[in-house]
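Trainee: I am new to this structure. Could you show me how to read it, one feature at a time?
Mentor: Gladly. Have a look at it, and then we begin.

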Amino acid sequence: MKIPVSWLREFVEIPENLSGREVSELLLSVGFEVEGVDTVGDVRGPLVVGRVKTIEELTDFKKPIRWCTVEVGAANGNDATPGIRGIVCGARNFSEGDLVVVALPGTTLPGDFTIATRETYGHISDGMICSVRELGIGDEHDGILILPAGSATPGDNAFPILGLGDEVLDISVTPDRGYALSMRGMAREAAIAQRVSFNDPGLVLADLPEAGGTVIPAASDDYQACDLLVLRTLGNYNPAAPTPDFIKARLAAVGVRSISLAVDLTNYVMFELGQPLHAFDADKITGTIRARWAKAGETLETLDGVKRDLTTEDLVIADDARVLSLAGVMGGAYSEISETTTRVVLEAAHFDPTVIAKMSRRHKLSSEASRRLERGVDRMLPPVASARFAQLLIEHGGATFEGTSSVEQAPDPIVISFDPNLPGQVAGHTYESATVEKILASLGCSVDTSKSPWSVRTPSWRPDLAAAIDLVEEVIRIDGYEKVPATLPTAPAGRGLTELQKLQRRAGLHLAGRGLVEVRNYPFVGVAEFDALGIPASDSRRHAVQLANALSDEQPLMRTTLLPGLTGALARNISRGFTDVALFEIASVSLLSADQSATGVTNPPRPSVLQRPSATDIEALEALLPEQPLHLGALLTGALKPAALGAKPTPASWSDAIDIALALGIELGVEIEVSAGEYAPWHPGRCAALSINGELIGYAGELAPKALENLGLPKRAVALELNLSALLAAANVVASAPAIWTFPVAKEDIALVVKADVAATDVLNVVREAAGELLEDIRLFDVYEGSQVAEGHKSLAFALRFRAQDRTLAADEVSAARQAGVDAAAKSFGASLR
Amino acid sequence: MSAPNKSFDPVEVTTLSPEVLAGFVSEAISAISAANSLDELKEVRLAHTGDRSPLSLANREIGALPPAAKAEAGKRMGESRGAVNAALAARTQELETLRDAALLIEESVDVTTATGVRAQGGRHPLTTIQEQIADVFVALGYQLAEGPEIESEWLNFDALNIAPDHPARTMQDTFFIGSEDSGIVLRTHTSPVQIRSMLNRELPIYVICPGRVFRTDELDSTHSPVFHQVEGLVIDKGITMADLKGTLDHFAQSMFGEGIVTRLRPSYFPFTEPSAEVDLQCFVCRGTSVDNPDAPCRTCRSEGWIEWGGCGMVNPKVLVATGIDPEIYSGFAFGMGLERTLMFRHGITDMRDMVEGDVRFTRAFGLGV
Ligand SMILES: [Zn+2]
């Protein structure tokens, strides 16, 4: 909301010496944030009114040029030609005798452009005749600004005439304070802030001449939606009457374009008082003007040229023949004020704010009128605002008053029962009863303090004040938030983070400690990404939650896997010149069950907010949502760690991807089982399925060559993705200390030859089981396939470490345990010692 | 070896005379000190203490002395050998020290070549700032509350007193699932976690809720359709706006330094009343840059305050919607944007840096912010 300070000053006394910035601080003290202070037309220096005396056309140049003499007042001429200046001008839209604005030498125009006397086109140009654009007060291309004849005298200071130098505050008004979207509202706030009295222009009904003429009747079909409709009819309007400059200047300052006097006045009064007004060409009206609901199938072409289909939820203003406007939102093209309009009927009405809000939303149409009406406008204002309009149209447009018609349903006053101690209880601060009463009165409330609790009747211009808490907020706000002290409440003794929360942090720390870099990707994915990854058509990951209004048509889905985001981040890093990249992400994915739709349901539960929803309601709300477990994803290419000097870097391999998962499992006290897996986008021969107690939690290994090629990623990139929620749930929160046996260790290596398709981990498990409790540790340290073993076979080399709790092991004990392992492997897998 | 000889006069066994022994000792000591390496010293030791050394040879003569003379000669011999051995030990130690020092010099490397092998991992600052903030409040006794990112519209809007026609509830601001009527949205703030807390937790409630939220803004240097917030909620008996202010001041000091305070400015949020904007006193200039063109402040743009978030007293309507009696309980809530907080706290100038996953960005923060 733009507020020209000069306009504000019309309704509230503000000390002359206060700058725009100081006025801003005043308003800030009562809670209005001023986002900026602009000065209208960044002009300094001698800018005066001139009258064009003579024009000489200079034709010797490429473009037409005029050499003019301009009367600029006795004080502003030069010595040779008292009261006259010679000026060269390139514009052609003015004539001898026109009143113009002259920038005398020494004037600085916007853009820090200072006018000086100079010789040009063979003449001394001693100033500049200005256009609106050059003065920085408009964008019109029409050339020189011409003032209405007789509106000023040559030599007059042009600043006040043009509204130049006025400071304009840009105030952000929160949606609950619709009353502040006017000079009237802001002036009241400025008065409250200064603790001075306020003469409310919203209470002054303009004196209108006696009515004389035919009045267009008013009607409302639904007093819930429109409880007041006032029409003022005016005749003999001169459609060519210009809008006075001060009104034009003020409208420009608040960001409204001048259209015609009648339209400009509707805007002017709206900004002044806050009441949206609509002027119709009265000659286009048939019968009664009526607020009513639209009928199905009706249409309306609005002022913006859009033909709109109406529904029975649209409130319209209509006459007996047609729909005239979308009530309170936008007028219709048919009945708009035109260059030939001579009779005007003005509509000023009060509407149900939610009706306006719904219409504005449904038609995606937000206007200055709808912005105010959907926030709530003073119910008592339409007669005042419409009279003010009529007064101005009579004064400036030569109109005559034909009469008023109106219909209304009187509103019930809002009376709030109010405990004066409540503001203090909410703020934690003491407010004297007298202070509370004074503040409420300054808002316009009538306060009856004779009984406790008080009875507070709220003013019609504050429809937002409906409950005691609303009054509490006003008392604390006007007294000043800065007066509220600071205390620290004592929470009950806490128990810190939950185990799951601690474990999740630990997982992140562990992975970063291993050299992985965390990323946080957007959760949006698309079918093309599933395709690139080679995820089969039937895969449940394609059954993804679908957005109604995705930012990108390519990514309308919510992720079911972290891999698309990770591959995107990896590609970005590679494109920036990094070859060794190890990324991880911990984030939730959304997994729909087979019977949940990707687009949700059609009739979602909407429990009442007037009480706690029932358990059934809560359950129904939860049932709307997909399962959203945390996943852990990692994607690696190149070396996980740079090599030492002189050594070769080791690129991350399929086994690193698996090891990251296993090591995280060890960190969290969970044994993750590994078996061969087959799952896109992993390489089918290099994919490990990861499980806990037989429950699948994810996959790790090398990505399929085709997927990497599709994504433009380096060959042999490896990845893992697992359900972190499942892993954390299985975590062993309280680790048990191991028995630390200190008797000497006995080390044995064995190499077992098995068929190539036997899983090493299965052999290891069998050997470990059979070797018994003396076996402290077993580790696979080499796999060999080649000429030394039979075709289709491989040799697995294990390092075994034996130790006893209570004695030094004898050689025969060790060899017996070792042999038991070998025998078991032979029995289970046909393994032979190499 | 000579046989004992009772009549033998020790004075006549010249090799045992004090003068001769002293000569042996001084010869040995000068040889010891002349030895310049442990190898040389080894040879000196053999020459002066070995079986063939003058002292050893002289020692053999003691046996031949009459008993009366043996004791005196033996004592003299012991002292002489002791002196030599002490000199040997001292020199050995000296030479070993020299040798060790030389070895260390020989083994020295260019320690500045030890670059490039450090661990390269890192945690995203949006993760770690959530943890840091949670820790501030956990220390006050709060619990860390979480909730789903795909959320029911009822929890995201209705229960928070955001009416069905509120402008935020349009597709211009909110991501809807399926259609605008599905009742499912991507949560636009972490406030539904507050509702979940009020529905599910026992009173009193002290929770801190960080998390990812969504609005339909295109990504640019200051906006992102996916961003993060942290919200705090307290519901207890007798909670006041002063409690809110004190909690915010404590939060500000924990994150930005001793003495930093917050400022509240009136605002509007449907779920709180009274509502306020929270400004943070500039932790860089502490306000000294205001009207001081000689010392401008980039962090607060010389305004002295930084816009930080929103807050207010929980609207009684929200308490009612979750079944909490507003006559008995009151509460406050506050919320801040974490991207914004990171940006001014760490001098991040472009929102996209937090989104794109460039390893340089995350690595710069290590394991914590
Ligand atoms: Zn600063």
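Mentor: Start with a term. A polar contact is a pair of N or O atoms within 3.5 Å; within protein, one must be able to donate a hydrogen and the other to accept it. Keep in mind that this is a predicted model. Now the case: the side chains of Arg265(B) and Asp279(B) make a polar contact at 2.7 Å.

Trainee: Where in chain B does Arg265(B) lie?
Mentor: Arg265(B) sits in strand 6 of chain B, residues 262–269.

Trainee: Is Arg265(B) buried or exposed?
Mentor: Arg265(B) has a relative accessibility of 6%. The cut-off for buried is under 20%, so Arg265(B) counts as buried.

Trainee: Which residues does Arg265(B) touch, leaving out those up to four places away in sequence?
Mentor: From chain A, they are Leu28(A), Glu33(A) and Tyr481(A). From chain B, they are Ser275(B), Ala276(B), Glu277(B), Asp279(B) and Glu307(B).

Trainee: That brings in both chains. How is the size of an interface often given?
Mentor: It is often given as the accessible area lost when the parts come together. Here, about 8200 Å² is buried between chain A and chain B. Carbon and sulfur atoms give 59% of that area.

Trainee: How many residues does each chain bring to the contact?
Mentor: Chain A brings 100 residues and chain B brings 105 residues.

Trainee: How many residue pairs are in polar contact across the interface?
Mentor: The rule finds 38 residue pairs between chain A and chain B, both residues at pLDDT 80 or more. On the side of chain A that touches chain B, the largest share comes from helix 13, residues 499–513, with seven residues. The residues on that side of chain A divide into 54 nonpolar, 26 polar and 20 charged.

Trainee: How many salt bridges join chain A and chain B?
Mentor: The count is nine. One example is Asp358(B) with Arg576(A). Their closest N and O atoms are 2.8 Å apart.

Trainee: And how many salt bridges does the structure hold over all chains?
Mentor: There are 65. To read one, ask how far apart the partners are along the chain. Take Arg21(A) and Glu25(A), a salt bridge with its closest N and O atoms 3.7 Å apart. Both residues lie in helix 2 of chain A, residues 20–28. They are four residues apart, about one turn of the helix. Glu25(A) is partly exposed, at 45% relative accessibility.

Trainee: Which salt bridge does Lys502(A) form?
Mentor: Lys502(A) pairs with Glu499(A), the closest N and O atoms being 3.7 Å apart. Both lie in helix 13 of chain A, three residues apart, about one turn of the helix. Lys502(A) is partly exposed at 38% relative accessibility, and Glu499(A) is partly exposed at 39%.

Trainee: What is the partner of Arg506(A), and how far apart are their closest N and O atoms?
Mentor: Arg506(A) forms a salt bridge with Glu667(A), at 2.8 Å. Arg506(A) lies in helix 13 of chain A and Glu667(A) in helix 17, residues 654–667, so the pair ties together parts 161 residues apart in sequence. Arg506(A) is partly exposed at 34%, and Glu667(A) is partly exposed at 29%.

Trainee: Which residues are linked in a network of salt bridges?
Mentor: Arg177(A), Glu189(A), Arg462(A), Asp464(A), Glu474(A) and Arg477(A) are linked in this way.

Trainee: Now the cysteines. How many disulfides does a search of the whole structure find?
Mentor: Zero, over all chains.

Trainee: One last residue. Which helix holds Val822(A)?
Mentor: Val822(A) is in helix 21 of chain A, residues 811–829. At 5% relative accessibility, Val822(A) is buried. Beyond its neighbours within four places in sequence, Val822(A) is in contact with Ile750(A), Leu752(A) and Leu833(A). Compare sequence with space, too: Val822(A) and Arg768(A) are 54 residues apart along the chain, with their C-alpha atoms separated by 9.9 Å.

Notes
Residues numbered from 1 in each chain as written. Chains lettered and ligands numbered in written order. Predicted model: local features only at pLDDT ≥ 70, side-chain atom pairs only at ≥ 80, totals over all residues. Heavy atoms only, no water. Contact = heavy atoms within 4.5 Å. Buried area = accessible area lost by both parts, 1.4 Å probe. Salt bridge = Lys/Arg side-chain N within 4 Å of Asp/Glu carboxyl O. Helix = DSSP H or I, 4+ residues; strand = E, 2+ residues; numbered from the N terminus. Nonpolar A, V, L, I, M, F, W, Y, C, P; charged D, E, K, R; others polar. Disulfide = S-S within 2.5 Å. Buried < 20%, exposed > 50% of the residue type's maximum accessible area, 1.4 Å probe, protein only.
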